[in-house]
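Have a go at each task before reading its solution.

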Amino acid sequence: MPESVSNITAQMPRAKLAGLLLFFLGPAVAIYTLFSIYPLVATMALSTYTSDPSGARSFVGLANFKTLLGDALWSKPFWNALGNNLIFFAVHMCVQNPVGIALAGLLSLPGLRLRGFYRTVMFLPTMLSVVIVGFSWNLILSPLWGVAAGALKAVGLGSLFAPWLGLESSALVTLSLISVWQFVGIPMMLIYAALLNIPDELIDAARVDGLGQFRIFFHIKLPLVLPTISLVSVLTFVANFNAFDLIYSVKGALAGPNFATDILGTFFYRTFFGNQLQLGNPTMGSAVATVMFFIILLGLCLYLFFVQRRIRRYAF
Amino acid sequence: MRRTFKAAMGAEVAALALLAGLASAQAGSLKIESWRNDDADIWNSKIIPAFNKHYPDIKIEFAPSAPKEYNAALNARLDGGTAGDLITCRPFDASLALYQKHQLDPVDGLQGMDNFSDVAKAAWQTDDGKTTFCVPIASVIAGFIYNKEAFAKVGLSEPKTLEEFHAALDKLKKDGTYVPLVMGTADQWEAATMGFQNIGPDYWKGETGRANLISGKEKLTDPQYIAAFKEIASWAPYLGSGFQAQTYADSQNLFSLGKGAIYAAGSWDISTFRGQAKFAMGAFPPPQPAGTTDCYISDHTDIAMGVNAASKNKDDAKKFLEWLTTPEFATIYANALPGFFPLAKTPVKVDDDVAATMVGWRQTCKSTIRNSYQILSRGTPNLENELWNVSAQVVNGKLTPEAAGKQLQDGLDKWYKPAK
């Protein structure tokens with residue numbers, strides 16, 4: 001029987017163990033500290049400063065946060081962006097993840113032909129640059145030369161067409177759905193991988209018991225991939241609250257019309273880097289970024305305490 | 001072993017020599033920061049070679065960023081010490097802030113600065129007008145460009161008054177061949193810059209109204225501003241279908257493909273249209289509201305160039321800036337980029353007929369700059385951002401002209417206290 005790892009390390013001289021740890025963990029810790037922890041801490045530190053026209057910075061404590069959440073000039077756009085962000089997230093949770101699960105379920109059906117082709121095609125948009133995605137959808141939905149209007153007309157639904165990207169009522173949901181279209185491949189792949197891990201014996205046993213594919217999926221497969229689904233939800237949450245690029249590339253930093261598509265990412269960008277005549281305000285921008293960080297942290301904590309601990313995992 | 005050591009030594013010496021060579025090349029070279037990536041070709045093939053005829057030893061690299069990212073990218077590079085030697089200056093506060101942070105040097109001492117009027121320099125001066133920190137390059141004029149074929153087909157002539165303008169739009173709409181007026185609101189700034197700021201100066205009397213806004217004698221809720229909003233609100237029925245989702249690029253394409261009759265234009269569009277449109281074009285200044293006699297045009301000082309205070313090669317940079325003040329540069333620039341009009345006092349002959357028409361308005365109308373640019377967009381909420389937002393909403397019919405004026409003035413009142 002081979003010696004267990006803890007025994008080996010226990011017998012090792014201290015210095016050698018430290019050297020070994022440094023060798024294996026050092027690079028990751030150094031890189032993570034340099035590119036993740038340091039910028040995070042520096043951003044938080046910067047959010048407690050303010051700068052005057054000459055560029056000199058002075059410490060103001062939590063004043064930036066007080067302004068951000070207490071002064072209507074800042075809090076109104078902030079809550080608007082947060083509200084829009086929640087809608088953006090809700091659309092992803094209600095559309096992207098169920099569709100991803102359904103696609104994964106279909107892909108894992110036995111006897112499916114061209115499986116690799118479907119998998120690749122459905123994952124392809126995820127690998128496209130967001131600028132290309134934004135540009136293509138802008139063209140598809142364009143009331144001037146888009147195919148959307150013509151396609152709807154061809155099936156007799158021409159009256160349903162509207163310049164969705166330009167209307168206050170529909171712009172945000174349209175953009176959310178574009179983002180769903182782009183990223184649906186990720187939940188699909190993760191869940192598909194989890195589905196593949198389910199032992200065939202379980203499926204075979206269910207089939208012997210007389211279950212059809214549909215019930216096998218809902219009663220056997222779905223419960224077994226729940227941990228992956230909750231992981232996907234968390235990834236979606238983090239990605240959505242950090243989202244920025246699609247909105248920026250389609251609607252610009254002013255996220256119109258009337259800030260209907262403004263999410264925390266674009267609000268942060270406008271604050272930090274400015275827009276046209278609005279000068280960038282790095283200290284206030286850092287405050288926005290810090291608040292975004294805490295929103296995501298809060299979401300993750302809720303998940304860890306209320307969901308993660310209740311998930312039952314099955315060992316096969 | 002010895003041999004490889006020697007070889008390594010040799011390689012090192014070569015590398016050092018290479019480095020030294022690079023360093024010496026550095027001495028006479030300049031890098032230009034700019035947001036005009038559309039013009040990179042013209043800078044590289046016309047402007048820089050013309051400069052090099054006088055100074056063959058100064059190597060110049062034109063290194064533009066995308067317009068949307070320029071301010072952010074430039075600030076980051078200036079703060080990080082990696083910005084180029086010459087900085088293309090946005091008008092007013094963006095550049096003023098750079099000067100206040102000691103990232104731009106004053107240019108008052110340069111030869112040829114007296115070649116610019118005070119109005120031309122205003123966009124790149126301190127509030128007291130005592131220090132200038134960028135050499136003015138060009139301004140852009142707003143107005144309307146039209147498709148001459150469309151006008152001939154429908155039987156129209158250039159409208160001089162708003163009444164004639166609306167009659168022409170009605171006629172075009174009835175005819176149905178062309179989109180009467182090309183403008184979209186998806187990007188928001190079109191409605192503000194080519195809508196409100198384009199037809200507005202006739203209502204608020206150009207510089208008079210602009211100065212009165214700054215001094216607090218006029219408010220954006222005053223009738224002249226509401227009237228300008230009412231005018232752009234009346235455009236909606238003449239715009240292309242789904243104009244709420246029509247981007248600026250869509251508008252440019254719609255007009256240059258010959259599908260639109262009148263295009264709410266900035267003169268900077270001319271170069272784009274010259275490359276793409278196959279039909280004859282004309283231009284007319286903003287039609288005048290009933291009861292006005294003087295005409296005003298938005299002749300907006302838009303582009304200038306200054307020297308990075310941290311540049312290692314300020315002497316050469318200054319030589320370049322001094323060359324920018326010469327008629328030689330103005331002539332090249334005006335003709336290579338029709339629609340960007342030099343600001344120097346010496347008149348320049350513009351060959352492009354549409355550009356010549358537009359710059360000709362300077363003789364008959366009074367010039368003014370956009371009223372939201374100087375001082376008034378310094379606070380939060382930012383007046384220019386607000387103006388984009390409300391102008392687009394007014395055209396979309398989502399906000400009444402009165403509510404638009406009120407929102408702008410309320411926003412301004414929150415932080416701006418005019419000097420008494």
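How many helices and strands does chain A have? Chain A has 14 helices and 4 strands, where helices (H or I, at least four residues) and strands (E, at least two) are DSSP runs numbered from the N terminus.

A word on conventions before going on. This is a predicted model, in which local features need pLDDT of at least 70 and side-chain atom pairs count only at pLDDT 80 or more, while totals for chains, interfaces and linings use all residues. Residues are numbered from 1 along each chain as its sequence is written, and chains are lettered from A and ligands numbered from 1 in the order in which they are written.

**Exercise 1.** Compare the radius of gyration of chain A with the globule rule.

Step 1: The rule is 2.2 Å times the number of residues to the power 0.38, and the radius is taken over C-alpha atoms.
Step 2: For 316 residues the rule gives 20 Å, but chain A comes to 25 Å, so chain A is more spread out than a compact globule.
Step 3: Look at the principal axes too: the C-alpha trace of chain A spans about 80 × 75 × 30 Å.

**Exercise 2.** Find what covers the buried residues of helix 11 of chain A.

Step 1: A residue is buried if 20 or more other C-beta atoms, placed from the backbone, lie within 10 Å of its own.
Step 2: Buried residues of helix 11 include A:Phe217, A:Val225 and A:Ile229.
Step 3: Their cover includes helix 4 (72-107), helix 9 (185-197), helix 13 (264-273) and helix 14 (282-306) of chain A.

**Exercise 3.** Describe the contact of chain A with chain B.

Step 1: Residues are in contact if their C-beta atoms, placed from the backbone, lie within 7 Å.
Step 2: The contact takes 28 residues from chain A and 35 from chain B.
Step 3: On chain A, helix 6 (130-141), strand 3 (274-275) and strand 4 (278-279) each supply at least two residues.

Terms used. A residue is buried if 20 or more other C-beta atoms lie within 10 Å of its own, exposed if 12 or fewer, and partly exposed in between; C-beta atoms are placed from the backbone. Two residues are in contact if their C-beta atoms, placed from the backbone, lie within 7 Å.
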